[in-house]
Amino acid sequence: MAAKILMPKPTCTSVNHVGDKKLTIPHSFGQVSLSKKSAVFASAQPSLSSVISCDEVSPPAAASFAKISPSTSSDIPLARLWREIQGCNNWEKLVEPLHPLLRQEIIRYGEFVTACYKAFDLDPNSKRFLSCKYGKKSMLNRVGMQNSGYEVTKYIYATPDVTIPIQNGASCGRWIGYVAVSDDETVKRIGRRDIVITFRGTVTNHEWVANFMSSLTPARLDPHDPRLDVKVESGFLSLYTSDESDEKFGLGSCREQLLSEVSRLLSNYKGEEISISMAGHSMGSSLALLLAYDISELGLNKINPNGDIIPLTVFSFGGPRVGNAGFKERCEELGVKVLRIVNVNDPITKLPGVFLNENFRVLGGRYEFPWSCSCYAHVGVELVLDFFNMQNPSCVHDLEAYISSLLMKCPKRSSSDHEGDNSGDFPVDNFLDRARDLILSAQNFNMLPLRIALTNMINLVHSQRTELLINENIYIWMNSLALYMLF
């Protein structure tokens with residue numbers, strides 16, 4: 001069972017997220033050959049210094065700080081505890097109650113993802129439309145993160161392999177995130193050289209369509225072992241692996257760009273203590289998890305033949321399920337650490353696999369259903385938040401609302417508050433009560449995100465009505481949209 005903790009409800013910010021060429025990559029053990037939302041943000045957030053000023057401070061979380069009293073645990077330097085904070089012990093005793101240092105790091109990585117939205121150019125008249133507004137050297141400064149202590153080294157672009165025409169033309173690479181590395185001063189403070197890779201959520205029409213491609217397909221990311229039992233959502237895999245091979249000067253796939261840059265940075269900082277931290281929101285968290293699995297499966301994070309590895313950690317904000325139980329088990333076997341920050345009222349975290357998921361694979365804890373290999377499953381440890389706004393229900397999936405919730409006072413609810421709660425993955429009674437309240441106050445809805453989703457789908461249907469009627473994928477997309485509306 002994933003660890004859970006319920007956080008108090010904050011006031012949500014008014015934010016809406018709309019959401020065979022070969023590449024050879026060198027690494028320390030040879031080479032790997034690879035086959036070839038509009039967002040409006042609120043005002044600046046509170047200072048991270050408020051993260052540690054909680055009324056209740058959690059007790060020591062691991063043996064490395066067992067002798068430190070709870071009253072002084074917030075003063076422990078991150079450089080001493082960074083491995084525990086990155087999940088080396090699966091965040092045991094750090095999640096419930098939430099440790100101040102872990103809270104601080106979650107918010108810090110969340111702000112790196114927020115930078116993706118702030119820097120993304122949504123002006124159709126701009127020369128940088130659907131790309132980053134700023135250059136790599138100035139991007140963090142321009143979005144208000146001049147004191148982050150990181151330097152951006154590469155921008156990442158993704159090209160979904162969508163064959164059905166959409167109103168705004170052919171699919172092409174769009175800016176999806178960036179890679180950054182900690183500077184020398186930050187290394188002293190956090191105890192290691194940290195490589196950060198962040199991804200934004202869904203914005204373009206092609207990304208919307210890719211999200212609705214919810215069928216499972218073998219990942220096949222290991223060139224030496226296809227592992228057909230390891231399956232992931234086809235739309236996320238398309239975003240991660242598709243390239244512009246049809247174009248003379250087309251972009252390589254998101255995967256090729258990332259593996260090449262990670263390999264380069266690992267080579268540059270060889271011999272140093274290194275961590276690789278991936279963070280993403282919504283669809284971006286899916287790409288972050290695919291990258292973490294890919295790096296580990298290829299062995300790029302192996303320090304030496306003795307099995308020592310560079311820690312891989314994923315901070316997922318409002319992320320959907322990515323793969324099946326085979327994918328989950330393989331990630332755990334490889335040591336990929338995933339901390340899922342989830343709002344209990346966020347419907348995206350219930351998709352895909354609203355019904356066929358990790359909670360519907362085994363009967364009575366003994367008998368496995370025959371369809372279990374086709375069930376989606378979440379990966380990692382879950383940190384559950386609880387926030388909602390009757391006047392702005394769309395905030396349940398908003399990244400800054402997630403961060404605001406984490407900035408609230410330390411939670412005072414204990415695990416005993418949830419005894420007897422067998423709601424599993426979906427708190428039905430709680431959700432139905434809130435859904436009823438929403439319906440009764442429908443005149444106050446801010447339905448922009450849902451309207452945008454529906455508009456995208458309607459435009460898709462009108463753009464190629466005949467082809468859509470004979471394309472089996474449309475039924476999957478429509479089913480996914482219906483589930484989104486219901487849940």
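Lys-328 forms a salt bridge with Glu-332, and their closest N and O atoms are 2.5 Å apart. The model is a predicted one. Both residues belong to helix α9 (residues 325-334). They sit four residues apart, so about one helical turn separates them. Lys-328 is partly exposed, at 23% relative accessibility. Glu-332 is also partly exposed, at 44%.

Salt bridges with shared partners join Asp-225, Arg-227, Glu-297, Arg-330 and Glu-333 into one network. One of the links runs from Arg-227 to Asp-225, with the closest N and O atoms 3.8 Å apart. Arg-227 is partly exposed, at 24% relative accessibility. Asp-225 is partly exposed too, with a relative accessible area of 31%.

Helix α7 (residues 254-268) holds another pair, Arg-264 and Glu-261. These two are three residues apart, about one turn of the helix. They form a salt bridge whose closest N and O atoms are 2.7 Å apart. Arg-264 is partly exposed, with a relative accessible area of 37%. Glu-261 counts as buried because its relative accessibility, 6%, is under the 20% cut-off. Across the whole structure, a search finds 14 salt bridges.

Asp-294 is found in helix α8 (residues 283-298). Asp-294 is buried, with a relative accessible area of 0%. Beyond its neighbours within four places in sequence, Asp-294 is in contact with Leu-221, Tyr-240, Arg-255 and Leu-259.

Now turn to the strands. Strand β15 (residues 381-385) is mostly covered, with five of its five residues buried. In a regular strand, side chains alternate between the two faces of the sheet. In β15, Val-381, Leu-383 and Leu-385 point one way, while Glu-382 and Val-384 point the other. Strand β11 (residues 337-343) pairs with β15 in the parallel sense, over five bridges. Leu-339 stands opposite Val-381 in β15.

Leaving out residues up to four places away in sequence, Leu-102 touches Ile-85, Trp-91, Leu-94, Val-95 and Leu-339. In soluble globular proteins, nonpolar side chains tend to be buried together.

Technical notes:
Residues numbered from 1 in each chain as written. Predicted model: local features only at pLDDT ≥ 70, side-chain atom pairs only at ≥ 80, totals over all residues. Heavy atoms only, no water. Buried < 20%, exposed > 50% of the residue type's maximum accessible area, 1.4 Å probe, protein only. Pairing = 2+ DSSP bridges. Contact = heavy atoms within 4.5 Å. Salt bridge = Lys/Arg side-chain N within 4 Å of Asp/Glu carboxyl O.
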